[in-house]
Amino acid sequence: MAATFTQPHAHGRLFSTSPVAKPTRKLLSPFTVRMSLQENGPSVAVVGVTGAVGQEFLSVLTDRDFPYRSIKMLASKRSAGKQMTFEGRNYTVEELTADSFDGVDIALFSAGGSISKQFGPAAVEKGTIVVDNSSAFRMVDGVPLVIPEVNPQAMHGIKVGMGKGALIANPNCSTIICLMAATPLHQRAKVLRMVVSTYQAASGAGAAAMEELELQTREVLEGKPPTCNIFSQQVCPFGDALLSYLCSFFIVFSCFTSEADEMVFAGCVQYAFNLFSHNAPVQPNGYNEEEMKLVKETRKIWSDLDVKVTATCIRVPVMRAHAESVNLQFEKPLDEDTAREILKNAAGVVVIDDRASNHFPTPLEVSNKDDVAVGRIRQDLSQEGNHGLDIFVCGDQIRKGAALNAIQIAEMLL
């Protein structure tokens, strides 16, 4: 059956599809609250409001008519004093301090792990419920790590008005997008092992990375050397610690020489028309931090320390929306037709699986959309007895992978 799409538009919720795709309105229940600015709403603060996710926080608050009686726009000292307009009202961005949370019920954080560690606990001490988008608290015992469609029970009892603050962590974007599709199948047949390959967009590295990808694309097409400020790579032909140190020195030096591209030391990773291993630091076990987030967060969210997860994360030259190839091994048999029906009825998921037209999820089609799209649903031929499936998943990293998930958590606090 064919599935056709209208051109993606800003922050739309609905896909135009044939019956193979479930309308995204299912996402509105039970997590959406349809209200507007009102005196009995919570007081809200947005930390990191000038960043890509901070701006998306505001868009999602508007799109979902989130109720609030007041809202604070908080950012670094550098951004303090900037003027912003939100829902027809003018606001001045305030510098984030420990006193910023007096009288604040809900604080939405997306300013990096160090800022969250510094100010998150201070906000909680003042009675604020913090929804944090960084990795600072995700693996801390006692801090709920929540995808509302997946494990809402993890934040049971945490509500605005309970008289004390709390921390709630937003999972990593690649984890959210993966588990939105994998969890409904896990609930039916129990996943024993999951192999994930991610193809992650510039948006995951922030607004500056998105700007650099656009700039590099123009430069490469014009025959100019690409500007590299966001992604860098240390290429060293030597092995011992001393020479590795010297490599680090010469990389810095190479940034100031016209012969940098001819040296054995390279300080620039071209992003345009290229792809490369995710820029997160590589750990002693050979996995980078992004890959280990998928491993550890999946186990915590599913409350299953025995599930086997392995991941390879790749940065691709896509502006926003991540794609993931997911291989699942199940304890119980699960055929592809049953899996497809399960996913069609899963909240926040739309199925795009048109084999006849070779039409499956793409990052472009899910950009600025709330739903996670799933396709390429097929039996894993390497496993016997319908105990394995392959699926392909796409989701907007800024939207469901960050801001939308956080606002859904905030809605559950009301």
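This is a predicted model: local features need pLDDT of at least 70, side-chain atom pairs count only at pLDDT 80 or more; totals for chains, interfaces and linings use all residues.
Reader: OK, how many bridges hold S2 and S5 as a pair?
Author: Strand S2, which covers residues 70-75, pairs with S5 in the parallel sense over two bridges. Within these strands, Leu74 stands opposite Glu94 of S5.

Reader: Back to H9 for a moment: how do the axes of H1 and H9 cross?
Author: Helix H1 is made of residues 52-63, and its axis comes within 9 Å of the axis of H9, with a crossing at roughly 55 degrees. The two helices are therefore oblique to each other, and the crossing of H1 past H9 is right-handed.

Reader: Which residues make that contact?
Author: From H1 the contact takes Val53, Glu56, Phe57, Ser59, Val60, Leu61 and Asp63, while H9 contributes Arg399, Ala402, Ala403, Leu404, Ala406 and Ile407.

Reader: Different topic. Glu336, is that buried or exposed?
Author: Glu336 counts as buried, because its relative accessibility is 18% and the cut-off for buried is under 20%. Its place is in helix H7, which spans residues 336-344.

Reader: What does Glu336 touch, leaving out residues up to four places away in sequence?
Author: With those left out, Glu336 touches Arg355, Ile377, Arg378, Gln379 and Leu389.

Reader: Which residues have a positive phi without being glycine?
Author: Lys190 is one of them, with a positive phi of about 60 degrees, and Ser303 is another, with a phi near 50 degrees. As background, most residues other than glycine have a negative phi.

Reader: Where do Lys190 and Ser303 sit?
Author: Lys190 is in the loop between helix H3 (173-189) and strand S9 (191-200), and Lys190 is partly exposed, with a relative accessible area of 30%. Ser303 is in the loop between helix H6 (289-301) and strand S11 (308-315); at 65% relative accessible area, Ser303 is exposed.

Reader: I was also looking at Asn358. Which loop is that in?
Author: Asn358 is found in the loop between strand S13 (349-351) and helix H8 (363-366), where Asn358 is exposed, with a relative accessible area of 62%. The C-alpha atom of Asn358 is separated by 9.3 Å from that of Arg376, a residue 18 positions apart from Asn358 along the chain.

Reader: Last one, on the whole chain: how many helices and strands are there, and what percentage of the residues count as buried?
Author: The secondary structure comes to nine helices and 15 strands, and 52% of the 414 residues count as buried. Among contacts in the chain with a separation of 6 or more, 71% are between residues 24 or more positions apart.

Note on methods: Residues are numbered from 1 along each chain as its sequence is written. Side-chain values use heavy atoms; hydrogens and water are left out. Helices (H or I, at least four residues) and strands (E, at least two) are DSSP runs, numbered from the N terminus. Buried means under 20% relative accessible area, exposed over 50%, partly exposed in between (1.4 Å probe, protein chains only). Contact means heavy atoms within 4.5 Å. Two strands pair if DSSP finds at least two bridges between them. Axes are lines fitted to C-alpha atoms, for helices over the stretch in contact, and angles run from 0 to 180 degrees between N-to-C directions. Angles under 35 degrees count as roughly parallel, over 145 as roughly antiparallel, 65 to 115 as roughly perpendicular and the rest as oblique. A crossing is left-handed if the near helix is turned anticlockwise from the far one by less than a right angle, and right-handed if clockwise.
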